[in-house]
Every structure is written in structure tokens, then in C-alpha cells.
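Please open the model in your viewer and keep the selection panel at hand.

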Amino acid sequence: MKTRILSADVEIPYLGFGTYLIADDEVAAAVSEAIRAGYRHIDTAEGYQNESGVGAGIKQALESEGLARSDLFVTTKLWPGNPAWGQPAKTTASTVTSLNESLERLGLDYVDLYLIHAPFDRDQRLAQWRGLVELKRQGKARAIGVSNFSIQHIEELKAAGLPLPVANQIELHPWSQKPELVRYLNDNAITPIAYSSLVPLSTWRTAKGQDSAKTDQMKAEGAQADAPFKVMAKKYGVSEAQVLLRWAIQKGYPVLPKSTNPERIRKNADIFGFNVDDQDMAAIEKMDRGDGVAWTTGDPTKAP
Ligand SMILES: NC(=O)c1ccc[n+]([C@@H]2O[C@H](COP(=O)([O-])OP(=O)(O)OC[C@H]3O[C@@H](n4cnc5c(N)ncnc54)[C@H](OP(=O)(O)O)[C@@H]3O)[C@@H](O)[C@H]2O)c1
């Protein structure tokens with residue numbers, strides 16, 4: 001199974017390509033490499049400031065691979081504005097404008113999935129979600145969802161009588177498994193999409209300027225010769241990254257590995273030919289440490 005059902009008429013590929021921290025002038029090459037390597041889902045965001053380059057990469061690859069737009073699944077995200085950081089929060093109207101601007105940069109007529117990037121502003125969350133509902137009605141987004149929302153944030157939408165999101169993109173990996181949130185999402189037919197799947201690797205976001213809340217101690221742990229994912233990788237004859245990605249899809253989570261290294265891009269896509277066995281799945285279950293580490297500012301699901 002290479003896709004998961006998102007809604008009645010939309011399926012999401014389990015394998016997606018992440019583009020956070022890839023500069024606009026570098027991302028076209030990475031995206032077209034990914035599509036050539038078999039990725040059919042590309043994840044970007046207004047906040048990544050690389051939608052133009054992502055659009056250029058998509059265009060190049062569709063032409064060179066002889067693919068149709070409908071062969072691809074494209075996600076982008078509304079930057080909702082965060083008053084706590086001195087940014088105005090978007091309203092329903094400016095939410096609608098934002099996707100139109102994203103589409104223009106991407107060179108697309110529609111996206112497959114449009115997400116609210118984070119639940120920053122208590123007062124505008126519902127207004128922003130109403131904007132997404134309108135954009136779906138207009139056919140600009142085939143499916144709509146959220147990112148970094150907690151149970152309480154989704155319950156707000158429910159209480160307002162609004163349609164529920166079909167996906168919640170959240171930080172999910174063996175060190176941040178969020179069992180209660182995942183159970184709630186699955187019970188409410190909301191697909192959990194995993195980001196930052198590769199956090200446990202010692203090589204995760206080590207380049208300058210790619211800061212996160214991951215501590216140096218955590219980086220050192222992944223580098224140890226007997227690090228658990230190294231042992232499993234050896235057992236299955238794959239890379240540690242492939243083990244982490246395979247674990248996620250066995251849990252039912254679409255993944256979005258990011259890389260600018262063509263060799264890694266290709267290997268990260270090769271996750272359908274082996275299984276993490278029950279014993280290792282059970283061992284990984286015990287590795288949960290709680291909150292995520294991908295944001296420098298702390299876990300955004302804790303937003304008010
Ligand atoms: N909604 C949100 O708030 C949110 C937050 C974070 C991320 N995301 C999305 O999820 C995507 C993935 O998350 P992420 O970018 O945080 O991290 P990630 O994909 O888990 O990991 C990327 C890091 O791992 C390295 N890496 C990739 N493949 C590797 C391999 N095979 N072996 C060793 N190292 C490898 C990359 O370096 P190289 O590039 O040098 O290979 C990079 O430093 C993002 O790009 C974005 O699309 C969403």
C-alpha cells in the first residue's frame with residue numbers, strides 16, 4: 001500500500017518530500033530529483049519562502065518524466081501570523097488571499113492539501129479555518145487540514161460545528177510518539193502526517209542555521225556505535241533513516257523526509273521492500289520521550 005485514504009475522494013502517498021530549510025534557489029533541483037526518484041508528494045509552506053522554486057522543480061520534473069499534474073500530490077501551508085511574535089493574525093479574507101498567492105508562486109491551479117501551519121492565534125483560529133473551508137469549496141484545495149494542532153485545538157473546530165480537518169501534520173518519530181493525540185486523530189478519521197521523522201539521527205539538521213531544540217547530547221546519542229537504529233539498520237541491511245521512515249509508515253503515518261543530497265533522496269524513498277519486525281516495533285514503542293524538538297521555540301501544539 002503506497003497511499004492512505006485522506007477523504008472520500010483524496011488519497012495521500014505515504015512517501016513525501018520535505019522542503020523546509022531548502023532555499024528558494026536550491027529547491028527546484030531537489031524537488032525534481034525527488035520526483036525522478038519516485039516521490040509523488042511534495043510538502044512546502046508559505047513560511048518556507050521557497051514556493052516559487054518548488055513550483056519550478058515540479059514543472060521541470062513533470063516535463064522530463066512525462067507526468068501529469070494529477071500524478072502529484074502537493075501540500076502547502078498557510079502562515080497564520082503569530083501576534084506573540086509581533087505578526088498580525090490572518091483573517092478569513094487574508095487566508096483566502098494567501099492561498100491564491102501561494103498558487104501563483106507554485107504555478108499551480110490547486111493544491112492537494114492546504115494546512116494551517118500552527119494554531120498560533122486563539123482569536124483567529126476559527127476564522128482561518130473558515131477560510132480553508134471556503135478554499136476547498138472553490139476547488140483551490142482538494143483537501144484541508146491543520147498542522148501542530150492539539151486535541152483541544154481540533155475540539156474547538158468541532159464545537160463550532162465546522163467540518164473537521166482530514167489531516168494533522170505533526171512532529172512524530174520514536175522520540176516523540178504522541179500516543180494520545182494519534183489515538184484521537186485516528187478515532188476522528190484525521191490522518192497523522194509525520195514531520196521530522198529523522199530527528200534521532202546524529203546527522204539531523206547539523207548544518208549552520210538549522211537550529212532546533214535538539215540538544216547536543218541527543219546528537220551524540222545517535223552517533224554511538226550501538227545506537228538502536230544502527231543495530232536495526234544492520235539487521236535489515238538498510239540505512240538508519242530507512243528504519244525510521246519504515247517505522248512511521250507501518251504506524252500508518254505518511255512521511256516527508258527532506259534532503260538536498262541526491263543519494264539520500266533516493267535511499268529515503270526505498271522504504272517499501274522490508275518490514276520492521278514486531279519485536280523492533282515494540283522496542284521502539286518504549287523510546288518515547290514526549291514533546292517534539294523540531295521547533296526552536298518549543299512544541300507548537302502547546303499554543304494557547
Ligand atoms: N508543519 C511543521 O511545523 C513542520 C515542521 C518541520 C518539518 N516539516 C516538514 O517535514 C519535513 C521533514 O522534516 P525536517 O526537514 O525537519 O527533517 P527530516 O526530514 O526528519 O530530516 C532532515 C535532516 O536529516 C538529514 N538527512 C536526510 N536524509 C538522511 C539520511 N538518509 N541519512 C542521514 N541524514 C539524513 C538532512 O540533511 P541533508 O539535507 O544534508 O541530507 C537534514 O539535516 C520538512 O522539510 C517539512 O516539509 C513541517
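**At the ligand**

Select aspartate 43 first: one of its polar side-chain atoms lies 2.6 Å from an oxygen atom of the ligand, a polar contact being a pair of N or O atoms within 3.5 Å. Taken alone the ligand exposes 900 Å², of which the protein buries 91% (Shrake-Rupley areas, 1.4 Å probe). This is a predicted model, in which local features need pLDDT of at least 70 and side-chain atom pairs pLDDT 80 or more, while totals for chains, interfaces and linings use all residues. Residues are numbered from 1 along each chain as its sequence is written, and side-chain values use heavy atoms, without hydrogens and water.

Next select arginine 264, where a side-chain N or O atom is 2.7 Å from an oxygen atom of the ligand, and then threonine 260, whose polar backbone atom is 3.0 Å from a ligand oxygen atom.

**The shell**

Now select the 28 residues that surround the ligand, each with a heavy atom within 4 Å of it; Ser196, Lys258 and Ser259 are among the closest. This shell divides into ten nonpolar, 13 polar and five charged residues, with Gly counted as polar.

**The whole chain**

Finally, zoom out until the C-alpha atoms are in view, which fill a box of roughly 55 × 45 × 40 Å along the principal axes.

Technical notes. Polar contact = N/O pair within 3.5 Å; in protein donor to acceptor, adjacent residues only side chain to side chain.
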